[in-house]
Amino acid sequence: MSFRNAPVAVDHERDKTTLFTPEIRAAIDAHIAKYPPEWKQSAVMPALTIVQDANGGWLTTELMDDVAAYLDMPQVSVYEVASFYGMYDLEPQGRHKVCVCNSISCLLQGSEALIEHIEHKYGVGPGETTADGRFTFKEVECLGACRHAPVVLLDKSYHEDLTPESLDKLIDELE
Amino acid sequence: MTDKITIEIDGRDCEAAPGEMIIAVADREGISIPRFCYHKKLSIAANCRMCLVEAEQGGRPFPKPVPACATPVGNGLKVWTRSPKAIEAQKGTMEFLLINHPLDCPICDQGGECELQDVAMGYGGDVSRFSERKRVVEDEDLGPLIATDMTRCIQCTRCVRFAAEVAGVRELGATGRGEDMRIGTFVGQAVTHELSGNVIDLCPVGALTSKPFRFTARPWELSGIDGIAPHDGLGSNIRLHVRRNRIMRVHPRDNEAVNETWISDRDRFGYAGLESDDRLTAPMVKEEGVWREIGWSDALELAAKRLKGADPAETGWLLAPNATLEELYLAQRIARDLGCANIDHRLRQQDFRADAADPLVPTLGLPVAELERQKAVLLVGSDIRQEQPLLAHRLRKAALAGATVCCVNPLKLNLNHPASQLVGTPAAMLDDLAAIAKSLDARGSSALNDLIGAAEPTEAHAEAASALREAGEQEAVVLLGALAATHPDYSLIKVLAHAIAAAAGCRVGYLPAAANSVGAYLAGAHPDRLPGAKPSEAPGRSVAAMLDGSLKTLVLWGFEPDRDLVDAAGAAEALGEAEFVIACSAFRGPGLDSAADLMLPIGAFAETSGTFVNANGTWQRFQGAVPPPGEARPGWKVLRVFGNLLDLNGFEYRDGAEVQSELAALCAEVQYDANAPRGDCEAEPTSPARAGLTRIGNIPVYALDPLTRRSAPLQEVPLARGEFAVYLHPAQAAEDGFGPGTLLYAQQGKSGVRIRVILDDHVPMGCARIPGGLPGGETLGPLMGPISLERVKNP
């Protein structure tokens, strides 16, 4: 979507030094520095990632509001970004995230079998967390590694050419 | 880029400007292309794909159909909107749009005026090939004005773009992705913007509909009658939708020179006030404190007897600034024919020292549409979004186009565009203006020179000054709003504004307080103006002088003395001392019940024909749409009968148009852009409360006039700035030892009221904001003036 007068800057009138921790602010500032000052909203994606990582892998509405305040952007714009992309989670997550690609190449190469395997062996459907809280199983859109399909994103690392057995091994290593 | 080119649409040669979109050219030529997401006033999203057309340029066809809303025209462009390829593409899009759209037209409020329904008639299939489950979206409560049925949403995002681009607040968004995408606020908050109702018109389907209108009528049962909005000074063009003598809803009418395609929520939902249960439906007289209905002839004879018997010098006529031109003209004719020059409409003004110097007709001073082309604007004493929602939109457009906007106000505004805000006590407002004047080396009368000489301009003042000077006469303006008009030193503000404008070489504009404020000057509803805005040789009393307790007989026309006057407590006292008060009103209310002795029911908005003159002097005549309730009669007819009853000459009008043309002839030579003062005003500053607190009594957007205050849906809008309370800066509250919720006794003059504290850092130090026009404020004094606050010991 295009906005004729983009981007709308909003001053939420909050003391930015009270938002997050100094370390998180420094990490976000490093991304803000990449963009012209009036476009600092462009740092919303890395900012959400940083904040989510510091919050155990998910975002609350309050945290999204804090990001909006920190970047002087409308709150709903942050909600739009956070609800659009698969890597942001708006509900509590397990200790790890097992993200299986469900797009065309991986489907052709057997990701359906991986999905069924996880569902049966660990008793979790897409978006659900195992009873012991070890991991959350997610179906995600194309991870961009089609030539080694099927692909699984485990937390922050890619694992390619997987079979149910090799995926089991990976999951067994999780705490 | 101004050269015109010629393109061909459906075999027809069309003139176009390079870079224009195909759909804009087609619309101008009357060639219809189906569309959902495109809207001429919004940015281009091109996400509905309904406007696909076949095209070729320079003999080379585009490989696939192109969206007409997002394809710029160029030399040699040929477009086919109805070719087999175009129709196939449009039908394909339609089928996809209908996949998830419920087939519930019979129970949908949009049925019969639905763009999707219309286009489906033309392009939809008669059988659905979709056998899966349709998507269901949870509804969200967007507040008392907008009803939602989000399952029907086709995600055109017009509402989201409207909120971001026109309203200037991103309240709505498109969250989620793909099939899960939905439109809403995400966190379920009510939409509170003063223009939010426009999304009802923008929504092409039944997802966003009018909550007050919902399920009350079908569009084909309604007849449309053109009208003019009766609230702010813009005079938005509206269409009243009427069924069986009831106004069912209000829609905007396009008028680029006035309201573009928008109307404010006040103009859209104000009509609901017509249905309030305190309508005055028969003439009533108060006998020994008890109200009793009487017949019209008895009532008018009583009124005539009292007015004839009264000393004209001790009689006064107070007329609402949103009465029609015809009413104002006839009322002042009767008053002046009886020898009474005490006529005024400036109900919320307290300083009248500059009357002799005022321009003959204070107007905006420039066409409304030109406001958005200004390069520098100095906004003095106006909470413009609340006072004039659509003029605020024009100002916003100017600011976004790069204009320098500087505000001098007694409270910090919630603006949706860049602006520098100089916020201070009413006394500090004078200092700020003097500092800007000093930066421009402005000069004036001696009192003014003292003020300017003492000023200490800061960088902000110098910036505002130089912006005004650089922009020059055609592109800079100093605007005076309603908060300036309530200022105890309004005369000085005007003198300073004119001094600034003269020194900077720019114009001065007045933001009219109400729908017919400009008309009131033309009609002669002013102690110092005869009809045709001619200065009077024997000026009468202004509002303040009429309410000083010395008048014996008063006529109140179309307003409530406890809500619409600058000094509610003072007015109640003066009206209590008067011998006979005649109130002509569409509504009853506690203020009128106690102040008046005789009440005559007149038609409210839409119940009378009439004329409003808007901010830039455009006369807009309208017809009555529904009859007034009960025995109530259109105001001008009451005055016509009254004039005849008083044996006055020339009251034999056949219709309202005759009254209007009589006045129009008198106004033939009026200039609507000459806001220059007619002389010097040697007003000294009254130093409003340099020590102690000053009350700031702004009028919240939905407390403006009797009709708005009775509109149930508008009163339900959660407006943080409208609650009756005393708003203090946190530091001010801490200094005085008050916290949020502390119960105080606020006193102005002899009387006061118990009131709770709300902390609000938009209020400057030294000020206590207590909104006017709200219930509870009856015992308070001037909207802007000294106030004392004391903690209630035993609440």
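Student: What kinds of residues line the largest cavity?
Tutor: Its lining has 23 nonpolar, 12 polar and 9 charged residues. Here Ala, Val, Leu, Ile, Met, Phe, Trp, Tyr, Cys and Pro count as nonpolar, Asp, Glu, Lys and Arg as charged, and the others, Gly among them, as polar. Keep in mind that this is a predicted model, where local features need pLDDT of at least 70, side-chain atom pairs count only at pLDDT 80 or more, and totals for chains, interfaces and linings use all residues. Residues are numbered from 1 along each chain as its sequence is written, and chains are lettered from A.
Student: What counts as a cavity?
Tutor: On a 1 Å grid over the protein atoms alone, a cavity is a set of points where a 1.4 Å probe fits but cannot get out, and lining residues have an atom within 4 Å of a point.
Student: How much space lies in the largest one?
Tutor: About 690 Å³, with volume meaning the space filled by probe spheres set on the points, which are joined across faces, edges and corners.
Student: Which residues lie nearest its centre?
Tutor: Of the 44 lining residues, those are B:A485, B:P512, B:A513, B:A514 and B:S517.
Student: And what about the second largest cavity?
Tutor: That one has a volume of about 310 Å³. Its lining is made of 14 nonpolar, 6 polar and 3 charged residues.
Student: Where does the second largest cavity lie?
Tutor: Domain 3 (284-350 + 515-667) and domain 5 (694-791) of chain B both give residues to its lining, so the second largest cavity lies between them. Those domain bounds come from an automatic or database domain assignment.

Terms used:
Side-chain values use heavy atoms; hydrogens and water are left out. On a 1 Å grid over the protein atoms alone, a cavity is a set of points where a 1.4 Å probe fits but cannot get out, and a pocket is an open set with protein on both sides within 12 Å along at least five of seven lines; lining residues have an atom within 4 Å of a point.
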